[in-house]
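Biologist: Please take a close look at one strand and its partners. Keep it brisk.

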Amino acid sequence: MGSIRWVGVLLVAGTAAFALAPRAALAQDFHLVGARLQDRTQAALTLLSFSVTPDSSASSLSISNASTGNPSVTLGQLGAGFTVADSFPLYMEGYLGYSRYDPLFVATNGTEQKRLPTKWNSVSGTAGLGWDFKISDHWVLRPIVDVSLAHLGTDVSIAGRLLTHVGGPEIAFLQNGRMNAYGLGASMMLDYSIAKESYEWDVELRYTWFHLQTFDTSKLVEGSSNPMTLSLWTRYRWPTPWTMFRRPVRWVLEGTASDYVGDQRGALGFNLLCSTGGGVELDTTQYSEIWTRTRFVVRYLFGRDVSGASAGISISFF
């Protein structure tokens, strides 16, 4: 009877020890396969540069099958620039940018694998100051200095949060990571404009250089990027037979081309991005000195292995 009693005590003690054992002893922590977090973060920083750098060609871009193997890339930018006055030719510009990057990671604990779809969203702001040097009646040379700030936040999807055992700083970053970046840049713009009763023509050729650097960020995702863009923008307008708001309605033709010569080159599978479009413009100068023109334009965007169409409204002030 004594031996049976001791066997029972050992069974109870073993069962209690098994129940109280840490769950980590039953299964190994999951970790990322290939440890590619730094590479993906560098890619996110490069994509962020599309939103930071002033660029009319990539002001709205969504790619569902990127050549990088990470689909769902969305970029957006809203901005404006103007010269204060002919007597005080200070040029000011400001841009707000948004980007979304959804890389796919694979985590394993040695015996099983789980796919971790993630969502990386970023917002950015860019401000610039320049000065117009008048070359002739129609030509202006405009150097510009820009600064920017950007913030990127990450979170794994619901499927990723189902991981029972989460281990390693990489997965911890994916669950609730943050990345901050600042940028310093410079641009040189050559501007041509001519305005007559029969037509108006504007052309801008711009070269922009930026340096983006992370700060106040985990060492796992520190990095930098040097985007450089050579862009051409042109708009041609001429009157239609119709009038509205006591002014002629104008036809509008637009065209842009951007050559990415820095770290952006090839990041989305193309080096050159172009767009062309047309529409109508309403002149409201008879009723407002601030809100002067409104344009309705349809555009076609194209580049290597990418194409698309969009319709938009733009407003001119002053």
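Modeller: In strand E12, Met-228 is the residue opposite Trp-209. This is a predicted model, in which local features need pLDDT of at least 70, side-chain atom pairs count only at pLDDT 80 or more, and totals for chains, interfaces and linings use all residues. Residues are numbered from 1 along each chain as its sequence is written, and side-chain values use heavy atoms, with hydrogens and water left out.

Strands (E, at least two residues) and helices (H or I, at least four) are DSSP runs, numbered from the N terminus. Two strands pair if DSSP finds at least two bridges between them.

Start with E9. Strand E9 (residues 178–195) pairs with strand E10 (residues 200–215) in the antiparallel sense, over 16 bridges. Four residues form the hairpin link from E9 to E10. Gly-183 has Leu-212 of E10 as its bridge partner.

Now E12. E10 pairs with strand E12 (residues 228–244) over ten bridges, in the antiparallel sense.

Then E11. Strand E11 (residues 224–225) is antiparallel to E10, with two bridges. Here Leu-212 faces Ser-225 of E11.

A nonpolar core is a set of buried (under 20% relative accessible area, 1.4 Å probe, protein chains only) Ala, Val, Leu, Ile, Met, Phe, Trp, Tyr and Cys residues joined through side-chain atoms within 4.5 Å. The largest one has 24 residues, and those with the most contacts inside it are Phe-50, Leu-61, Leu-268, Phe-270 and Leu-273. Elements giving two or more residues to this core are helix H2 (37–52), strand E3 (73–83), strand E8 (139–156), E9 and E10. H2 gives the most, with six residues.

How values were computed. Buried < 20%, exposed > 50% of the residue type's maximum accessible area, 1.4 Å probe, protein only.
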